[in-house]
Amino acid sequence: MREYARLYIDGAWQVPSGQGMAEVIDPATEQAIGRVPLGAESDVERAVMAARRAFDGWSRTPSSVRAGYITALAAQLKSRAAEMASVITDELGMPVQWCQAVQVEGPIAGLEQYAELAGLMDEVREVGNSLVYREAVGVCAFINPWNYPLHQMIGKLAPALAAGCTVVVKPSQETPLHAFLLAEMIEAIGLPAGVFNLVSGPGAKVGEALARHPQVDMVSFTGSTGAGVRVAQAAAPTVKRVCLELGGKSPLLITADADLHAAVRHGVQDVMINSGQTCTALTRMLLPASRYAEALEIAEAETRALVMGDPRDPASFLGPMCSAGQRRTVLDYIRLGQEEGARLLCGGDTPAGFERGFYVAPTLFADVDNRMRIAQEEIFGPVLCLIPYADEAQALALANDSPFGLSSAVWAGSREHGLALARQIRAGQCFINGGGFNYQAPFGGYKQSGNGREWGEEGLAEFVEVKAVQC
Ligand code: NAD
């Protein structure tokens, strides 16, 4: 049991003024594994004002010194990587075979990258009679989801520290423990007081108070589109910068000349990893009608071969959903898909032997019409829609027929064929023939998937104001 009775504010573990504690539930056992404070608006006030006081000093600290703190944090995370991975497995339910690489080693690489990019803040551009300087945006609030908790946190924190911003962080209520562990590491590296502040608590209370606060200059939000809209509305009266990283319903377009087995196998695994709780999950597989029957057979065999089980068992490919509420949502969508006339190929419920824990079997729907709600709305569970198309023009139209535009993928007979299709899909990412995630490249969405970019130089730019000085 990990119990944190205090919040990390102004460089110290402070007694919260909020009432009570929230339990953290292990989704595999349904047992409480931790407790964290339910922060209140007065805690937000203290944290924001600490960040405000720390801002001038931190933003004027030489970029090389800020880079040193980021490198020290990466070293801390490396030295406690196994502990961090195990905390995330416990609170999220992602199996150990993925957790360390995906949830911890990636964020370490991200930190190291921003230690290198911090020097960009010193670059001055000359244009005509102007000098253009880069300066930190100011006090930033981070509101985070639960599905890749440390990855989301570092995707904001590392560039913010590199730019010279100070921050107040609100983790998701489902997975707050990693954030408290990170605060311990921040304390261990001696980051100046007030640069990093942590307030846990409900989104509607703590999150909205942060988004509204007049002393917060920027809010960076990752989560569902609905909550992102509310954050933007709360932030609007104070005209703060709002960076939104929201949901997705991403297509995988498989062409007729593709290696069908490799493509379908990749598509199935991409959705089922983290039990479908991935914002970029390729949940709509677009298949050439000429090879549709063959593709369904491959997809079903690959899905049935996946091992679902205890996330602490190294053999488990997928574990439970993160919460009882998420399981309910997913099962409701599966029922809806059947009512809408999609054909259930496998999965669809909680299988025998999984009565304890929030498990949903990996589920395939065939003969999905892209206009069905299961193809238009983000389910955020292990549910893959298999959609036939007649020709590539129709495939592209289906790929783009979505309110979202976060990610996409193409599997084609050649890289050139894949690239030609990638340029016609309205999404912030496109992965061709299994290309991997790149921490140096910008990440973010088109359309209702958001308006910001994380990672790479563009991720730093989110936290930068530019000042033109005419002389
Ligand atoms: P969520 O929107 O329910 O919650 C996200 C965060 O917002 C939580 O910390 C929550 O407490 C807070 N929150 C909720 N309502 C709020 C409000 N009114 N004001 C301020 N804060 C509020 O999302 P979730 O269920 O935690 O995460 C899953 C969602 O996140 C999915 O839609 C997924 O696609 C999305 N996501 C997007 C990305 C991306 O980079 N685009 C990455 C990961 C997850």
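# Burial and helix packing in a predicted model

Over residues 18-469 of this predicted model, the chain is 42% helix and 18% strand, and the end C-alpha atoms lie 45 Å apart.

Colleague: Is Glu245 buried or exposed?

Modeller: UniProt, in an unreviewed entry, places the feature "active site" at Glu245, and in the model Glu245 belongs to strand β12, which covers residues 241-245. Leaving aside residues up to four places away in sequence, Glu245 touches Lys156, Phe221, Thr222, Gly223, Phe443, Gly444, Gly445, Ser449, Gly452, Arg453 and Glu454. Because its relative accessibility is 3%, and the cut-off for burial is under 20%, Glu245 counts as buried.

Colleague: How does α2 run relative to α4, roughly parallel or roughly antiparallel?

Modeller: Helix α2 (residues 63-79) and helix α4 (residues 96-117) pack with their axes 8 Å apart, at an angle of about 165 degrees. Since angles over 145 degrees fall in that class, α2 is roughly antiparallel to α4.

Colleague: By class, which residues make up the contact of α2 with α4, and how many of each?

Modeller: The crossing of these two helices, α2 and α4, is left-handed. On the α2 side the contact involves Ala67, Ile70, Thr71, Leu73, Ala74, Leu77 and Lys78, which meet Val104, Ile108, Leu111, Glu112, Tyr114 and Ala115 of α4. By class, the contact of α2 with α4 has ten nonpolar, one polar and two charged residues.

Colleague: Which elements cover the buried residues of α7?

Modeller: In helix α7, spanning residues 203-212, the buried residues are Val206, Gly207, Ala209, Leu210 and Ala211. What covers them includes the strands β8 (139-143) and β9 (166-170), together with the helices α1 (41-60) and α8 (225-235).

Colleague: What is the orientation of α7 to α8?

Modeller: The axes of α7 and α8 come within 7 Å and cross at roughly 40 degrees. Because angles under 35 degrees would count as roughly parallel and 65 to 115 as roughly perpendicular, the orientation of α7 to α8 is oblique.

Colleague: How many charged residues are there in the contact of α7 with α8?

Modeller: Helix α7 passes α8 in a right-handed crossing, and Glu208, Ala211 and Arg212 in α7 meet Arg230, Val231, Ala234 and Ala235 in α8. Divided by class, the residues of this contact are four nonpolar and no polar, while the number that are charged is three.

Colleague: What is the relative accessible area of Glu91?

Modeller: Glu91 lies in helix α3, residues 81-92, and its contacts, not counting residues up to four places away in sequence, are Val24, Ile25, Pro27, Ile33, Glu174, Thr175, Pro176, Leu177, His178 and Cys322. Glu91 is buried, with a relative accessible area of 0%.

Colleague: How far is the C-alpha atom of Glu91 from that of Lys240?

Modeller: Along the chain, Glu91 and Lys240 are 149 residues apart.

Colleague: Is Asp26 buried or exposed?

Modeller: Asp26 sits in the loop between β4 (21-25) and β5 (32-37), where, not counting residues up to four places away in sequence, Asp26 touches Gln31, Ile33, Asp90 and Arg312. With a relative accessibility of 2%, Asp26 counts as buried.

Terms used
Residues are numbered from 1 along each chain as its sequence is written. This is a predicted model: local features need pLDDT of at least 70, side-chain atom pairs count only at pLDDT 80 or more; totals for chains, interfaces and linings use all residues. Side-chain values use heavy atoms; hydrogens and water are left out. UniProt positions are given in the numbering used here, feature names are shortened, and annotations may be inferred rather than shown by experiment. Helices (H or I, at least four residues) and strands (E, at least two) are DSSP runs, numbered from the N terminus. Buried means under 20% relative accessible area, exposed over 50%, partly exposed in between (1.4 Å probe, protein chains only). Contact means heavy atoms within 4.5 Å. Axes are lines fitted to C-alpha atoms, for helices over the stretch in contact, and angles run from 0 to 180 degrees between N-to-C directions. A crossing is left-handed if the near helix is turned anticlockwise from the far one by less than a right angle, and right-handed if clockwise. Ala, Val, Leu, Ile, Met, Phe, Trp, Tyr, Cys and Pro count as nonpolar, Asp, Glu, Lys and Arg as charged, and the others, Gly among them, as polar.
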